[in-house]
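Work through the exercises below with the sequence and the 3D view open, and try each task before you read its solution.

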Amino acid sequence: AKIVNVEKFEAAKKNGGLKFNLGCGHLTLPSHLNVDRRELPGVDVVADVNDIPIDLGEAAEVFSAHLLEHFPQEQLRRELLPYWIGLLKPGGTFRAVVPDTEAMTVRYVNGEYPYDKFREVTYGAQDYDGDFHFNMFTPDSMKQLLKEAGLKSIEIIEKARRNGDCFEFEIAA
């Protein structure tokens, strides 16, 4: 791991506000420490999402948008979710945005969503190493996965939200 924006990292750590945007890519959040394995503009920490340079129990929030689908179910279940949840301090929040397979499937079956978009969102654009999807989620399947991981107060913030060619949902716990 390499901390690129040391000043932002240290300020967040000092204020107890370690909020991470994991796998941010080009979509960084000013309010979070943006983590990606690629050193892109706006990335504060260059690291794999399974090697964040903090101690367990230090993060106020772990957030990801369009990251979870890039991992196989068992890797999420056995490795990544336990690790990310372990980073949270007591009362910390886990939030994620993922493609809404349920919303897209219904629209595809009804002829309202084109096959090429459905395929791309389901399997990834595949235009760079790591841009492949291994998983898909519905709001109910994600709730169950987070419940199994030990999270509580699981809430769907929004489902079937349009984001470009994708329908997505947001969940928090």
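A residue is called buried under 20% relative accessible area, exposed over 50%, and partly exposed in between (1.4 Å probe, protein chains only). This is a predicted model, in which local features need pLDDT of at least 70, side-chain atom pairs count only at pLDDT 80 or more, and totals for chains, interfaces and linings use all residues. Residues are numbered from 1 along each chain as its sequence is written, and side-chain values use heavy atoms, with hydrogens and water left out.

**Exercise 1.** Decide whether Y108 is buried, exposed or partly exposed.

Solution. First, take the relative accessible area of Y108, which is 35%.

**Exercise 2.** Find the volume of the largest cavity and the residues that line it.

Solution. On a 1 Å grid over the protein atoms alone, a cavity is a set of points where a 1.4 Å probe fits but cannot get out, and lining residues have an atom within 4 Å of a point. A volume is the space filled by probe spheres set on the points, which are joined across faces, edges and corners. The count comes to one cavity of 30 Å³ or more, and the largest cavity holds about 40 Å³ of space. Its lining consists of E69, P99, T101, M104, V121, T122, H133, N135 and M136.

Notes:
On a 1 Å grid over the protein atoms alone, a cavity is a set of points where a 1.4 Å probe fits but cannot get out, and a pocket is an open set with protein on both sides within 12 Å along at least five of seven lines; lining residues have an atom within 4 Å of a point.
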